[in-house]
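Student: I have a model open and want to learn how to read it. Can we go feature by feature?

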Amino acid sequence: MEQTVTNRVTGEQITFIETAKDTNGEYLLIEVALPSNGKGPPLHIHDRFEEEFEVISGKLTVTLGKTDHILIAEERRTAPLKTPHTFKNNHNEPVVFRVRLTPPSQFEQSVRIHYGLMEDGLTDAKGNPKLLAHTALVLSLQNTLIVGIPLWIQRTIFGLIVKRAHKRGLYEKLEKYTGRP
């Protein structure tokens, strides 16, 4: 598997530095290169892992709750469990930062599937999967819950969609992105 994957829409690149396999499931360490004025995901939470952001070069805006933190090289911020957060690059220069996810969830698989769908033209112009079953799987694998939509609705509906899609064999074609069933 490629160590670096690219988001065709945003130009964001994610390099897998230490995978869950490398760390015996303790954490995942990725390095993200985000172009100037690049946006991250919508405000969201995780309730199964925390994320620690550390800037390598450039400036990164990390939003925790309602507070924006502008980080520069060697500065860190942690998004604890259940804390609404996001990141973006509001600056005219690229930013490189590392993210440590503890524990790793299935974040690597979700990114590989999502970016693979982009490569194969199975996402819309904004990079969102065209099939709701693909969106549900990606968000479920990475334990991402979007702020503003009741969590129980996301868990219930996405859970049902993922279960039904598994039964129908819809996800078997996605194994090519992760290299495993």
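Student: Which residue in β3 is the bridge partner of Thr15?

Tutor: Strands of a sheet pair through backbone hydrogen bonds, either parallel or antiparallel. Two strands count as paired if DSSP finds at least two bridges between them. Strands (E, at least two residues) and helices (H or I, at least four) are DSSP runs, numbered from the N terminus. Here, the partner of Thr15 in β3 is Glu31. Five bridges join strand β2 (residues 13-18) to β3, and the two run antiparallel.

Student: What should I know about the source before going on?

Tutor: This is a predicted model: local features need pLDDT of at least 70, and side-chain atom pairs count only at pLDDT 80 or more, while totals for chains, interfaces and linings use all residues. Residues are numbered from 1 along each chain as its sequence is written, and side-chain values use heavy atoms, with hydrogens and water left out.

Student: How many bridges join β3 to strand β10?

Tutor: Seven, and β3 runs antiparallel to β10 (residues 95-102).

Student: Why is β3 described as largely enclosed?

Tutor: Look at accessibility. Buried means under 20% relative accessible area, exposed over 50%, and partly exposed in between (1.4 Å probe, protein chains only). Five of the seven residues of β3 (residues 28-34) are buried, so the rest of the structure largely encloses this strand.

Student: What is the strand order of the open sheet?

Tutor: The six strands run β1-β2-β3-β10-β5-β8, with antiparallel pairing. β1 (4-6) and β8 (76-79) stand at the edges, each with a single partner strand, so one side of each has no neighbour in the sheet. Neighbouring strands are turned by 25° against each other on average, direction ignored. The angles come from axes, which are lines fitted to C-alpha atoms (for helices over the stretch in contact), and run from 0 to 180 degrees between N-to-C directions.

Student: How do I read the length and sides of helix α3?

Tutor: Start with the expected span: 1.5 Å times one less than the number of residues. The 17 residues of α3 (residues 151-167) should span 24 Å, and the end C-alpha atoms are 24 Å apart, which agrees. Its buried residues are Gln154, Phe158, Ile161, Val162 and Ala165. They cover an arc of only 100° around the axis, which puts them on the same side of α3. That arc is taken from the directions from the helix axis to the C-beta atoms. On the other side, Trp152, Leu160, Lys163, Arg164 and Lys167 are exposed.

Student: What about the burial of α1?

Tutor: Twelve of its 13 residues are buried, so α1 is largely enclosed by the rest of the structure.

Student: Which backbone features stand out?

Tutor: Most residues other than glycine have a negative phi, and most peptide bonds are trans. The bond from Thr102 to Pro103 is cis, with omega near -15°. Asn24 has a positive phi of about 55° although it is not a glycine. Asn24 lies in the loop between β2 and β3, and counts as exposed at 75%.
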